[in-house]
Amino acid sequence: MTLERDPHGNETRFLHEIGRLSGARVLEVGCGEGRMTWRYAEVAESIVAIDPDPERLATAHQTCTAAWRHRTHFLLADAENLPLRRGEFDRAILAWSL
Amino acid sequence: MVHALERIWEALRPGGLLVDVRPVAARWPLEILADGQGIRAGRIDDSPNVVDDQAADVAIRTAVRRRFFRPTARATFPFDYIWDSVAEMSEYVTTNWEGCAVLQSDLLARAYSLERGFHGEKRVRITMRMIMRTYLKLEKRHV
């Protein structure tokens, strides 16, 4: 199966334009398999991406490129039980997850 | 949902930004792409998603009313899903969009009929309507 998602890159463009993710410490809630994460990983300072589904999270972890691995962390968690310090992030993305 | 927004508020630094990205129910069009154009088969039933949309909107409005966040920007845009065939699209929607969209049998039949009508290269597209909103973290005033 060949599936293309957002081939014109609209989501990526708006994510950068109004999300202003360059140089940011980002919390992504509902990262799934990392589809959205890879659209901004290059410019973020660091990323903590959470998802409650262990299989999807494992896929995200496996497909993370070596260049981003040291600053991209995947956690099994949901937004109501965030295992994180207060005031840790510049941006929080609700990735199709609210 | 409001509780989750409170946890996210805590995780953000002062002046941090919340970005809410999600599809909205808007009877997304289903088209066959052939000969350089899109031929509309109809619109899929995304009404099961309406309840979730409304609940999410209520949660955000509550967080704004309690002065956890202030809206700062908003954009809507199309988000295309493109498959090689109607059969692949149907399988994907059934497997992955359970609870948010339904392919009605008459729509599926029209899509198959259109697909059969073209002998060259063709693909299948569903265009979601997306909304992206940003919210600035405020000092909490009301709980």
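1. A polar contact of 3.0 Å links the B:R22 side chain to that of B:D20.

2. The model is predicted: local features need pLDDT of at least 70, side-chain atom pairs count only at pLDDT 80 or more, and totals for chains, interfaces and linings use all residues. Residues are numbered from 1 along each chain as its sequence is written, chains are lettered from A and ligands numbered from 1 in the order in which they are written, and side-chain values use heavy atoms, without hydrogens and water.

3. B:R22 sits in strand β1 (residues 12-24) of chain B (strands are DSSP runs of E, at least two residues, and helices of H or I, at least four, numbered from the N terminus). B:R22 is buried, at 4% relative accessible area (buried is under 20%, exposed over 50%, partly exposed in between; 1.4 Å probe, protein chains only).

4. Over all chains there are 16 salt bridges (a side-chain nitrogen of Lys or Arg within 4 Å of a carboxyl oxygen of Asp or Glu). One of them pairs A:D90 with A:R25 at 2.9 Å, N to O. A:D90 is in strand β5 (residues 89-95) and A:R25 in strand β2 of chain A, so the pair ties together parts 65 residues apart in sequence. A:D90 is buried, at 10%, while A:R25 is partly exposed, at 26%.

Note on methods:
Polar contact = N/O pair within 3.5 Å; in protein donor to acceptor, adjacent residues only side chain to side chain.
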